[in-house]
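I wanted a record of what I looked up in this model, in the order I looked. Here are my notes.

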Amino acid sequence: MNPVDMPRGPIRIWWEDLEVGQVRDLGSLSPTREDILAFAGQFDPQPFHLDDEAARGSVFGALCASGWHTCAMAMRLMVTNFLHETSSLGSPGLESLKWLKPVFPGDVLRLQHTITEKRPMNSRPDVGLVRTVWEMFNQKGEKVLHMEGYGMFRLKEPPRSAAPQ
């Protein structure tokens, strides 16, 4: 689906609904050779992402997805299967990003999201921060991606002092 065509549904999940310890399975996808070549050609044109022979001679042993492509696929699953129904306001950034295993054409990637911390934002009492761990696994159960960072979510019921006047 074209991102422009992706409807944002009604907000069903607010900051107050997110709890430390919650784990969500956010679905799976499988990159094709064409997907890997297209992403690499535009954003990460290193030989092991674009050329089979060069990839065979690399530490990866075969054509593989860019780590940034793996992150982009995780983001797509996150938006499609979670964020589009939340009060998400974006993210102030990541604290940790690790590409643990290469992703090859045809791998089936599954994303898991775990909430590890939650607190109101000091500078914006109508916004809460949620710290999460994103883990992506291949069809063998091997972890290929580990990311940690914060997301910002609007409160359904902000403190009265935060309400617009």
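What follows covers ground rules, strands, core, salt bridges and pockets.

**Ground rules.** I am working with a predicted model, where local features need pLDDT of at least 70, side-chain atom pairs count only at pLDDT 80 or more, and totals for chains, interfaces and linings use all residues. Residues are numbered from 1 along each chain as its sequence is written, and side-chain values use heavy atoms, with hydrogens and water left out.

**Strands.** I took helices (H or I, at least four residues) and strands (E, at least two) as DSSP runs numbered from the N terminus. Two strands count as paired if DSSP finds at least two bridges between them.

I began with E3, which runs antiparallel to E1, with five bridges joining them. In that pairing Asp25 stands opposite Gln112 of E3. E3 also pairs with E4, again in the antiparallel sense, over ten bridges. I noted two of the partners: His113 bridges to Trp134 in E4, and Lys118 bridges to Val130 in E4. E3 and E4 make a hairpin, and six residues sit between them.

Next came E4 and E5, an antiparallel pair with eleven bridges. Here Phe137 stands opposite Lys143 of E5. This is a hairpin too, with five residues between the strands, and Gly141 in the turn has a positive phi of about 85 degrees.

**Core.** I then looked for a nonpolar core (a set of buried Ala, Val, Leu, Ile, Met, Phe, Trp, Tyr and Cys residues joined through side-chain atoms within 4.5 Å). The largest has 27 residues, and those touching the most other members are Leu18, Met78, Phe82, Leu111, Met136, Leu145 and Phe153. At least two residues each come from H4, E3, E4 and E5. H4 gives the most, five residues. In soluble globular proteins, nonpolar side chains tend to be buried together.

**Salt bridges.** My rule was a side-chain nitrogen of Lys or Arg within 4 Å of a carboxyl oxygen of Asp or Glu. That gives nine salt bridges.

- Lys118 pairs with Glu19, their closest N and O atoms being 3.8 Å apart. Lys118 is in strand E3 (109-120) and Glu19 in the segment before strand E1 (23-29), so this pair ties together parts 99 residues apart in sequence. Both ends are partly exposed: Lys118 at 22% and Glu19 at 41%.
- Asp52 meets Arg33 at 2.2 Å, N to O. Asp52 belongs to helix H3 (52-56) and Arg33 to helix H1 (33-43), so the tie spans 19 residues in sequence. Asp52 is partly exposed at 29%, as is Arg33 at 32%.
- Arg124 pairs with Asp126 at 3.0 Å between the closest N and O atoms. Arg124 is partly exposed at 38%, whereas Asp126 is buried at 14%.
- Glu95, Arg131 and Glu148 are linked in a network of salt bridges.

**Pockets.** I used a 1 Å grid over the protein atoms alone; a pocket is an open set of points where a 1.4 Å probe fits, with protein on both sides within 12 Å along at least five of seven lines, and lining residues have an atom within 4 Å of a point. Points are joined across faces, edges and corners, and a volume is the space filled by probe spheres set on the points.

The largest pocket holds about 300 Å³. It has 21 lining residues, and Met75, Leu83, Ser91, Trp134 and Tyr150 are the closest to its centre. H4 (67-81), E2 (93-99), E4 (127-137) and E5 (143-154) each give two or more residues to the lining, and E5 has the largest share with seven.

Of its 17 lining residues, Phe60, Ala65, Ser66, Gly67 and Trp99 lie nearest the centre.

Conventions
Buried means under 20% relative accessible area, exposed over 50%, partly exposed in between (1.4 Å probe, protein chains only).
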